[in-house]
Amino acid sequence: MSVIASWIYLIDIVGTFVFAISGALAASEKRFDIFGAGILALVTAVGGGTLRDVLIGSTPVGWMKDLNYLAVIVAAVLISFFFKHHILKLRRTMFLFDTIGIGLFTILGLQKTLALGLSPVIAILMGAVSAVFGGVLRDVLSNEVPLIFRKEIYATACLAGGLFFVLFQWIWPAPVINMLAGIAVVITIRALAVRRHWSLPVIR
Amino acid sequence: MSVIASWIYLIDIVGTFVFAISGALAASEKRFDIFGAGILALVTAVGGGTLRDVLIGSTPVGWMKDLNYLAVIVAAVLISFFFKHHILKLRRTMFLFDTIGIGLFTILGLQKTLALGLSPVIAILMGAVSAVFGGVLRDVLSNEVPLIFRKEIYATACLAGGLFFVLFQWIWPAPVINMLAGIAVVITIRALAVRRHWSLPVIR
Amino acid sequence: MSVIASWIYLIDIVGTFVFAISGALAASEKRFDIFGAGILALVTAVGGGTLRDVLIGSTPVGWMKDLNYLAVIVAAVLISFFFKHHILKLRRTMFLFDTIGIGLFTILGLQKTLALGLSPVIAILMGAVSAVFGGVLRDVLSNEVPLIFRKEIYATACLAGGLFFVLFQWIWPAPVINMLAGIAVVITIRALAVRRHWSLPVIR
């Protein structure tokens, strides 16, 4: 189990790093200065989990208790600053880690909510909030309409992965396997959605 | 008293439903997909109470503890999706419940704040926040300047109703009657404001 | 010490007042009504400290426990409303108190975070959040790209002042002197930055 916990932690950190890069690049497009880029990277990387923690009452919020999160965010901003062109070439790798990160953030956020005794329905919702609200806050702070409100079935993939995890934990409690399977569901739906240009219907 | 409590709960749920419809319709105008509409409906319906709960430290926030709120919000999104044209015809009925909802949310938010031992002044403010901040968050997420900052004396009606309730509770403590009277004050001011095109002065 | 505490409290209140004036003036430019101006003044004045309190879990948030903050904010809105032209002439004085306020808010926010047992790194960050996020929230609610993401090394001055305070407290614990010195660092960097048009580099 401790090996698995280490892997989970590592992926969590790498996911945070990739999210932070995406925030720093968004700041770069808006011509924010390096401080603004730092804030946007921080908000993108930990904003979803922060909102979840504030709503469920788990404060001080998570990233304040482990400085590694802040460290990789600072590293991400510096790397974006000095090696922007190299990063843009790594788009495909970034997309991979971004997608894995979203899957992991969903299940971790879900588990944290369940652990506080809240309903599985709320836990699935908070899992998705953990994964996607960093991007929403990034867009609001950049004065853009949040991307996920209009494109991709990003958040829906998280809800589906969370639902899968909760159902299988109920039928057959095997946390690690169900976690991996839940993450796989998120990744699969998202990758298919991007490849096949799936989108959700609009209210007309 | 339990009959009254049931009525309060029912109006609370109906108010939440009507607020959620207004969020879903706003999403429709912005051409958000159905997931975006769900988020906007959720934020509009429970955003004010959520902000109040976070500020006064009553977490997990209210709607997480009673799934009926989430259920009527999901219902509101589905109904907006399938019956948008019918809903638009019910504008007058919607306005009625919206106004009653605002009145009730104000007094309930106020009472919750008082119950935590905070000052009546803060409680009146938090009552108004409960009632109007869902709409503010809806506008911020839609990348609009919040409507209430420019139009109607919406929030002022809530502050007046809250002040009325606090004063009469102090003079003559009769929670249910003062509550109904406070809600009536909110409704009256708002209805008059809309009918007579009242507005607050602007700083020039 | 109690004399010093009184001075700190007085500067805190004056800083809150000046921040509230800046919020009310921003509302005036956007032609918000007086209620909108009140909200924007409130958010500008106490938004940074409120965000800090919510993130570190110190709720009910600070300004709810001492009505003097609310009182000076209301006063600031009324004064902005009736004497806008006089205020605009006092720009230089306002800038002075605004800068002193930012310095003080930084150190007070830092100390509050440290007192909860969080790491000095987090405390420095929360000090800066206390000082600058009121302005960020003001800009988001006015539907503007937050100014500090693009201009001045405003927040950097706060981080530097906070770092200075933490380092000197570690080397030579003398809270009052280190506090004054930390505030002086914030003021100096900010004044120099404005005068010499310093700015941070942009990611290209």
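What volume does the second largest cavity have? I get about 80 Å³ for the second largest cavity.

Before going on, a note on conventions: this is a predicted model, where local features need pLDDT of at least 70, side-chain atom pairs count only at pLDDT 80 or more, and totals for chains, interfaces and linings use all residues. Residues are numbered from 1 along each chain as its sequence is written, chains are lettered from A and ligands numbered from 1 in the order in which they are written, and side-chain values use heavy atoms, with hydrogens and water left out.

**Entry: cavities**

I searched the whole structure and found four cavities of 30 Å³ or more. A cavity here is a set of points, on a 1 Å grid over the protein atoms alone, where a 1.4 Å probe fits but cannot get out; lining residues have an atom within 4 Å of a point. Points are joined across faces, edges and corners, and the volume is the space filled by probe spheres set on them.

I then listed what lines the second largest cavity. Chain A gives Val140(A), Asn143(A) and Glu144(A). Chain B gives Asp139(B), Val140(B), Asn143(B) and Glu144(B), and chain C gives Val140(C), Asn143(C) and Glu144(C). By class, I noted three nonpolar, three polar and four charged residues in this lining. For the classes, Ala, Val, Leu, Ile, Met, Phe, Trp, Tyr, Cys and Pro are nonpolar, Asp, Glu, Lys and Arg are charged, and the others, Gly among them, are polar.

**Entry: salt bridges**

Side chains of opposite charge can pair when their charged atoms come close. I found nine salt bridges over all chains, taking a side-chain nitrogen of Lys or Arg within 4 Å of a carboxyl oxygen of Asp or Glu.

In chain A, Asp53(A) bridges to Arg52(A) with the closest N and O atoms 3.0 Å apart. In chain B, Asp53(B) and Arg52(B) meet at 3.0 Å, N to O. In chain C, the closest N and O atoms of Asp53(C) and Arg52(C) are 3.1 Å apart. Back in chain A, salt bridges that share partners join Arg52(A), Asp53(A) and Lys112(A) into one network.

Asp53(C) counts as buried because its relative accessibility is 1%, and Arg52(C) because its value is 10%.

**Entry: helices in chain A**

I checked the UniProt record (unreviewed entry), which places "transmembrane region" at several stretches of chain A, including residues 6-27 and 95-115; such annotations may be inferred rather than shown by experiment. Residues 6-27 of chain A are 100% helix and 0% strand, with end C-alpha atoms 32 Å apart. Residues 95-115 of chain A are also 100% helix and 0% strand, with end C-alpha atoms 30 Å apart. Helices (H or I, at least four residues) and strands (E, at least two) are DSSP runs, numbered from the N terminus.

Ala24(A) sits in helix 1 (residues 2-29) of chain A, and counts as buried because its relative accessible area is 0%.

Asn178(A) belongs to helix 8 (residues 175-196) of chain A. Its side chain makes a polar contact of 2.7 Å with that of Gln169(A).

Technical notes. On a 1 Å grid over the protein atoms alone, a cavity is a set of points where a 1.4 Å probe fits but cannot get out, and a pocket is an open set with protein on both sides within 12 Å along at least five of seven lines; lining residues have an atom within 4 Å of a point. Buried means under 20% relative accessible area, exposed over 50%, partly exposed in between (1.4 Å probe, protein chains only). A polar contact is a pair of N or O atoms within 3.5 Å; within protein, one must be able to donate a hydrogen and the other to accept it, and residues adjacent in sequence count only if both atoms are side-chain atoms.
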